[in-house]
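Keep the sequence handy as we go.

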Amino acid sequence: MLPKARLLFSAFLLLTLCIAAGSAAAAATATPLTKATGILDAVWGDAPDGEHHLRWFLTDDRGLRTELRIDDLPRFGIDRWNHRRVRVTYESAAVDQGTPPLVRLVEVLPSQPEAIRSDGRSPISGSKPWVSILCKFADISAEPENLAFFQGMYANVPGGLDHYWREVSYDAIDIVGSTAVAWVTLPRVRTQYVPTPGSGNNANLGLLFSDCTAAADSLVDFSNGGSPFEGINLMFNATLDCCAWGGSRFATLDGVSKSWRSTWNPPWAFAQEAVIAHEMGHGFGLPHSNNSDGDSDPYDSPWDVMSAATSYTVNDSTYGRLGKHINSYHKNRLDWIPANRIFTVANDGSFTVTVDNLARASTSNYRMIRIPLGGATEYTVETRDQTGNYDGNVPGRAVIIHHVDPSRAADAEVIDADVPPATFSDNEGSMWKVGETYVDTANEISIRIDSATANGFQVTVTRGDAPSIFEDGFESGNVSAWTTSVE
């Protein structure tokens, strides 16, 4: 493995973000602008061929919903905007007919429906029941699976989603009370919702949501007797556009007004439960994770259900490929790893830590190491193994290192020692093993894999006080170095 120089940029999390001055500002000044206040929701689209999308929807205080284009703004943490109350400034008219208007400014307002913690995390805990609504297009009568299939999908047994989310969150959440209701028929034919079935990314997600929930209204009490459902899985009997979709949707259902965690799933999605877990993860606010090859494909990591969801999975005879665990950064983002199971290396020194396999149900050792780099960027260190109900087929037993930058669409990227990085991180370069050392020369950080333990690995992190490692010419051993730059 050869040293490789690479620039990794970081940025500070901001609550108010806008395009820089100069030509962009001049263009904004010349364009009529609209301001609106309401709830902003993100929805991710995932296609089986690797196509992917991110769409944003604002439901304003009058109840009007507008799709917005905010790809020209730096994200600095999607969770800072997603299902938050915001004031948005956007161009009054799109450049092309049918193109969502471009956002110029997003301001996060106080009195949030969910608390934003100072550390940027979005805690999710307790019971989070979902309801599946089975929706048939008016011109398609097929019922790909029966009601029992969708009800069983939520079971608390291996292969069931309640069991899955309990294991992945270390029992921080469950989805007890989740259910499914019988097939209902939509009032319109498929092309009235999806102009080009099987392609494009313009399915009318709002109309699909409103018509499905209305068709099932007599079957579902969305208020759930005073404890509203957390989310809604919409299951369709035919292909949508390119994708299955997951995120949130603000609506008032049975007197409850909120951003409902929501997914839109064609038959190919519910044929593999890993896809449903992936879309529900988007519902919980998680973006994609990735590897570090620098391409635009976010499905290159088999270490996270939020990346290559159906690769290296455990298979179930009924529900197909099951979800894997999510990476330690995303678990910590949702507050699923207790503080006393996280070792943070914020100061200079050399620290030897035992980190247990991330899929273990319980441990008295650490589950992850965090190495802050400045702003919101950091390294995370976790260990993985072919064990547990859902990680049994991951590529191997190894330490996995992520570089995290929340300004990226896929914030966590697997560090790969290979040059160039592999296009898919099931390679040896992505699996750090005993005797190997990762070195970040600019930040004077090294991560050495010392030994394997019964349930994980012993790792030594050195920060700032080992000049023999960071000066020109590395010590003997299996060492890979990257040069990073923190703005």
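This is a predicted model: local features need pLDDT of at least 70, side-chain atom pairs count only at pLDDT 80 or more; totals for chains, interfaces and linings use all residues.

Helix H3, spanning residues 161–169, is mostly covered, with 8 of its 9 residues buried. The buried set is Leu 161, Asp 162, His 163, Tyr 164, Trp 165, Glu 167, Val 168 and Ser 169. So what's packed over them? The cover includes strand E10 (173–174), along with helix H6 (273–283) and helix H7 (328–333).

Now for the cysteines. There are 2 disulfides in the structure, and counting bonded cysteines along the chain gives the pattern 1-2, 3-4. One of them ties Cys 135 to Cys 212, with an S to S distance of 2.3 Å. That pair connects distant parts of the chain: Cys 135 sits in strand E9 (residues 130–136) and Cys 212 in helix H4 (residues 205–215), 77 residues apart. Cys 135 and Cys 212 are both buried.

Another disulfide joins Cys 242 to Cys 243, S to S 2.2 Å. The angle about its S-S bond is -90°, making the link left-handed. Cys 242 and Cys 243 are buried too.

Finally, look at the open sheet, where 5 strands run in the order E17-E19-E20-E21-E22 with mixed pairing. Its edges are strand E17 (342–344) and strand E22 (412–414), each pairing on one side only. From one strand to the next, the twist averages 25°. Within the sheet, E20 (residues 377–384) and E21 (residues 398–404) pair in the antiparallel sense over 7 bridges, and Tyr 379 stands opposite His 403 in E21.

Note on methods
Residues are numbered from 1 along each chain as its sequence is written. Side-chain values use heavy atoms; hydrogens and water are left out. Two strands pair if DSSP finds at least two bridges between them. Helices (H or I, at least four residues) and strands (E, at least two) are DSSP runs, numbered from the N terminus. Axes are lines fitted to C-alpha atoms, for helices over the stretch in contact, and angles run from 0 to 180 degrees between N-to-C directions. Buried means under 20% relative accessible area, exposed over 50%, partly exposed in between (1.4 Å probe, protein chains only). Contact means heavy atoms within 4.5 Å. A disulfide is a pair of cysteine sulfur atoms within 2.5 Å.
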